[in-house]
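Here are my notes from a pass through the model, as numbered points. Have the viewer open while you read.

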Amino acid sequence: MIVGHAESYRVIVIERFSVYGLLGFLLSFLLPGRIAAACCLVFAVATGLGLAQMLIPDHSFAAMEVLQRAAGGIVGVLFAQTILAFLPRPTI
């Protein structure tokens, strides 16, 4: 390994959390008012990616990674739902 090119664990956790936070945020705008559906989709994607990584020979399933991803996604969903609660609803 070349010195200086290794990312710290904290940076990796922030990256996972923020990417899935963005996913949850966007899914929440796609599914307004369906908090449970958006959270389930984020959790399914995080778990599916974790399981798919088991196909890589030198990678194993890490539950902590899935929890970090799911937590970021759920925070993104809740943040977007908070924003949607304050936006005016269109009249039909």
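1. Pocket lining first: by class, the residues around the largest pocket are six nonpolar, two polar and one charged. The classes put Ala, Val, Leu, Ile, Met, Phe, Trp, Tyr, Cys and Pro under nonpolar, Asp, Glu, Lys and Arg under charged, and the others, Gly among them, under polar. The lining residues are P32, G33, Q81, L84, A85, L87, P88, R89 and P90. As for volume, the largest pocket comes to about 160 Å³. On a 1 Å grid over the protein atoms alone, a pocket is an open set of points with protein on both sides within 12 Å along at least five of seven lines, a cavity is a set where a 1.4 Å probe fits but cannot get out, and lining residues have an atom within 4 Å of a point. Grid points are joined across faces, edges and corners, and the volume is the space filled by probe spheres set on the points.

2. Some ground rules before the details. This is a predicted model, where local features need pLDDT of at least 70 and side-chain atom pairs count only at pLDDT 80 or more, while totals for chains, interfaces and linings use all residues. Residues are numbered from 1 along each chain as its sequence is written, and side-chain values use heavy atoms, with hydrogens and water left out.

3. How many salt bridges are there? The count is two, taking a salt bridge as a side-chain nitrogen of Lys or Arg within 4 Å of a carboxyl oxygen of Asp or Glu. One of them pairs E65 with R16, at 3.4 Å from N to O. That pair ties together distant parts of the chain, with E65 in helix 3 and R16 in helix 1 (residues 9-30), 49 residues apart. Helices here are DSSP runs (H or I, at least four residues; strands are E, at least two), numbered from the N terminus.

4. E65 also bridges to R69, with the closest N and O atoms 3.4 Å apart. E65 and R69 are separated by about one helical turn, because they sit four residues apart in helix 3. Buried or exposed, then, for E65 and R16? Both are buried, and R69 is buried as well; the cut-offs are under 20% relative accessible area for buried, over 50% for exposed and partly exposed in between (1.4 Å probe, protein chains only).

5. On the surface, Y9, M64 and L67 make up a nonpolar patch with about 350 Å² of accessible area together. Patch members have over 30% relative accessible area and no salt bridge; nonpolar side chains (Val, Leu, Ile, Met, Phe, Trp, Tyr) are joined within 5 Å and like charges within 9 Å. Areas are Shrake-Rupley values with a 1.4 Å probe, and for residues only the protein chains shown count as cover. Y9 belongs to helix 1 and is exposed, at 52% relative accessible area. M64 belongs to helix 3 (residues 63-86) and counts as exposed because its relative accessibility is 51%.

6. I12 lies in helix 1 and is partly exposed, with a relative accessible area of 25%. Q68 is in helix 3, and at 11% relative accessibility Q68 counts as buried.
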